[in-house]
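Subject: Handover of a structure and summary of findings

Dear colleague,

Please find the structure below, together with its sequence. I would be grateful if you would read the notes that follow it.

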Amino acid sequence: MNRPPRLSVLLSVFTLTILTATTSAKELNYGTKDGLRLAIQDLIDTHGASYPQGAQYLEQLKHVSEKNDLAALRKKALMANPALDFKKLLIVERRGGKRWLPANWQCNSSIPQTGHQNQIATLTLKDGFIETVYQPENTKFVGDLELHYDAGKIMYSSIAENGAWAVFEMDLQSKKTHQITPQIADIDCMDPCYLPDDRIVFSSTAGFQGVPCVGGRDSVANLHLLDPQTQKIRRLCFDQENNWCPTVLPNGKLLFLRWEYTDSSHYFSRILMHMNPDGTNQKEFYGSNSYWPNSMFYARPLPGSSNKFITIVTGHHGIARAGELILFDNNKGRHEASGVLQRIPGAGKEVKPVIKDRLVNNSFPLFLHPYPISDKHFIVSMSLNKKNYGIYLVDTFDNIVPIKVANNHSFVEAIPLRTTQRPPVKPDVVRLDEKDATFYIQNIYAGPGLKGVPKGTVKSLKVYKYEYAPRKKGGHYAIGMEGPWDVRTVLGTVPINEDGSVIFKAPANTPIAFAPLDAEGQSLQMMRSWTTAMPGEVVSCVGCHEPQSMSPVSRPTIASQMPPQQLTPWLGGPIRGFSFHREIQPLLDQYCADCHTSELAKKDGRPDFQDMSKSYSSLHPYIRRNGPEGDYHLLTPLEFHANTSELIQLLEIGHHHVKLDPVSQEKLITWIDMNVPLHGSWTEATRGNARAKHMLSRRAEMRKLYAGLDIDPEKINHPYTERKTYQAPTTSTTPPPAAETSPHWPIDSDKAKSMQHGKQPITLDLGNGTTMKFTYIPAGEFINGEKKKIVIKKPYWMGITEVSLDQYRRFQPDYKNGVYDMHYKDQVDRGYYMNNPAFPVIRVTWNDCQDFCRWLGQKVNRIVKLPDEHQWEWACRAGSATPLNYGKLDDNFATHANLSDVNMKKMAVKGVNPKPIKNPPPSLDFIPKVASVDDGVLHLSKVGNYEPNPWGLHDMHGNVAEWTSSDYSQGKKTIRGGSWRDRPHRAASGFRLGFPTWQKVYNVGFRVILEE
């Protein structure tokens, strides 16, 4: 190549070059005098005599005024940094417009293999001279540059003779190259990393997986380990999605980026992970449950630190791989922006965790491939036009020094050409002759995952595994409607000890997840992730989603003094993927088929469980579940507990005397906890598609070769070949008690109002301009929903509305209602936000309500209580004998109550940042509703938004269900009134449900009474 102009000339025309290189260039401040002064002083303080001209630079800075003079001094002073102890950079130079950066969901397999004008070269720091090291033949891609610790050889990704992506190695002195990954035509290998013991980690598509959000069109590459001496390869990661950018931390661990979205928003779920080089101890490094950063590509540790790192923060769609340059310290925090030190440039400015899909489309400048020279100085590629990238030296004082300016091409992947200290070699602890790993949890109640769940509630742990989508297949509806992305297989259960500890064996080299179960076998929390253990590994954690800084218990646990337990096979085995038609259809045949026939379904619209092609779509609408993309923040414990689903509530109340046997009950609960899958294998999901069968066959071969697993997840181990016979439920021969009557009830509206004796509402001042109003409820008697006469002996005052979020915040200032989950995928936000202060407060436990009552009672010097359910129902009815205080179940409730109405159609959405479908098909518009009524809102409404009953009470039906002080069953309290999610019969005056006193329920709030 021709020798470029001297850098002194470049400096003099630098500003002109930038402005003429692109018409879209923005103005960029390359640093201020103050920033340069701080940088020079820091270099003096850090390096002392090794930075001999520091004082002279400070003196010169006092007299600099012209922009070009400042640029020249900046370059001179900062390029004299003793940390720049090398003469050349290894770089990749690229020309032309061929796409060379994968999208943020892709691996190299998805970019063009040829058509690239690129080369590996050296760049001399002193004068910017470019010298070719390697230029591939036939315009093949070359990239993913990796320099060996002794600086004598490099690795890179390119295209093999068989047309597959492969990793190559070159001796820098002889320029000889050789391919170091296998010659397998349908497997791509890329993104290599040298380990301290000279083994090699690289990404490979040998798992034959596809990215499900694009129907499997893009291949998935997971990390593998290669021993060059033996040529043996072992798979390290068994992840749903890609692994990217492996690099070694100073402590010898491997840092890499993993993408996951089992039931989580896939635009935001890339997590930095770290693990031992043998694949053991795979843990989050940064970003779990975080909407920001969306992606952290090219993360590298700062010299000498295994906690501080520099990375490129970018989005999902939009700009590919490039983005903002952010410095982190995970000792500060690991969630969203809690660990941010600063953005570069951006010294002293707050970095806000923005939730946005195309996160950096308007960011300027854009960065790629940062390489730390010290904890404050970084060599990085930078673009001013979103197209061409130059090489720059940047620092934490916002100084930017051009090393090689981009015109119509790019210089990327810069690495100092020098020897580097090897991190310590961490010896392997895997035992490849074993098939299992050991898992030990010290106290499952520790950590926020089960916050508020009383000790002793967790009785056992259900262990299940994922089987991910094959190439060219997959999707958010591939396995079930608004259900899981992946096939789920229950491996078994293990009991939890009294102290919350457990130790058990589970398969190694398998992505597994855990569900803590209560006494009814219902999951108390959703993991929505997985852990993978290597053969013979012992995986230990303190509790449920505890921070890594959390100290383990200092005393022995029950589990620590017992041998690892074997999992009890689910329902006695055999192990199989959860299939609706094999597990749920039999119980529908046995318990439901007589009343839920196709004929009766056509007649009155009831669910059809007789036609197996319709039974799944008929049943799943009555299950509330997380869906394919729930809120990525840590879920409230029991957020999707089975007791929040209408089907389970119906069976608990008693549905035509149906009582499931224990096995059927377990299957139904497991179906809910597995996120209502339809299919139990990918062969089922793809209907035996020939291409899918081939991919699954190749997956099995590679799983056996690289993971030592000889299993067949596609085999149907529990076929349903003969439909079960219906068994009529046993009914009581004892006649029900006669309905009681009262001569003083029902009461017409005018008389009911007169019973208040004209007493005006009471207003209580809660402070800060917030008030709460109460209306007088007289004494009297009525016939309740169970046809019994109830006497209310004393009058009382009841809140005219449910307690609002604003009112509750006077008690808990930072309280938030949270979000309600959206349907579909491609979500760019957490869900439907429920934090309007005028909304009723939700997700408060019964115990929280008691605390609020005590607080308010002390504040206003009155006795404040939850109403008992008789007080609640009497007040709700206000004299009425109809199911609802405004009329019959089929009356128009549009002005009276916020219930499940035609607005629920808006839950049927599609597109990026999903929007309602104008005329959705029944398959997507499945939430039970009264479609003939429009009450004006989709979810929560402001309190008091609907007409009051005769006693001035708003929202006694709908909006949110309300806690009462009455017992429902052991450990549970009664709720009344129904919510926005319920149809009128579930919000009737006499309808009741119950929840544990400590459970935060998504649609339950409360109102309070004052004693007269």
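The notes below begin with the whole chain and then turn to particular places in it.

This is a predicted model, in which local features need pLDDT of at least 70 and side-chain atom pairs count only at pLDDT 80 or more, while totals for chains, interfaces and linings use all residues. Residues are numbered from 1 along each chain as its sequence is written, and side-chain values use heavy atoms, with hydrogens and water left out.

Overall form. The protein chain has 17 helices and 45 strands; these are DSSP runs, of at least four residues for helices (H or I) and at least two for strands (E), numbered from the N terminus. Its C-alpha trace spans about 105 × 70 × 60 Å along the principal axes.

Of the 1012 residues, 61% count as buried, where buried means under 20% relative accessible area, exposed over 50%, and partly exposed in between (1.4 Å probe, protein chains only). Among contacts (heavy atoms within 4.5 Å) with a separation of 6 or more, 68% join residues 24 or more positions apart.

Strand E13. All of the six residues of strand E13 (residues 254-259) are buried. In a regular strand the side chains alternate between the two faces of the sheet. Leu254, Phe256 and Arg258 point one way from E13, whereas Leu255, Leu257 and Trp259 point the other way.

Neighbours of E13. Two strands pair if DSSP finds at least two bridges between them. Strand E12 (residues 243-248) pairs with E13 in the antiparallel sense over four bridges, and Asn243 stands opposite Arg258. Five residues lie between the strands of this hairpin, where Gly252 takes a positive phi near 95°. Strand E14 (residues 270-275) also runs antiparallel to E13, joined to it by six bridges; here Met273 is the bridge partner of Phe256.

Ser110. This residue lies in the loop between strand E1 (88-95) and strand E2 (117-124). Ser110 counts as buried because its relative accessibility is 17%. Leaving aside residues up to four places away in sequence, Ser110 touches Arg99, Asp218 and Ser219.

Yours sincerely
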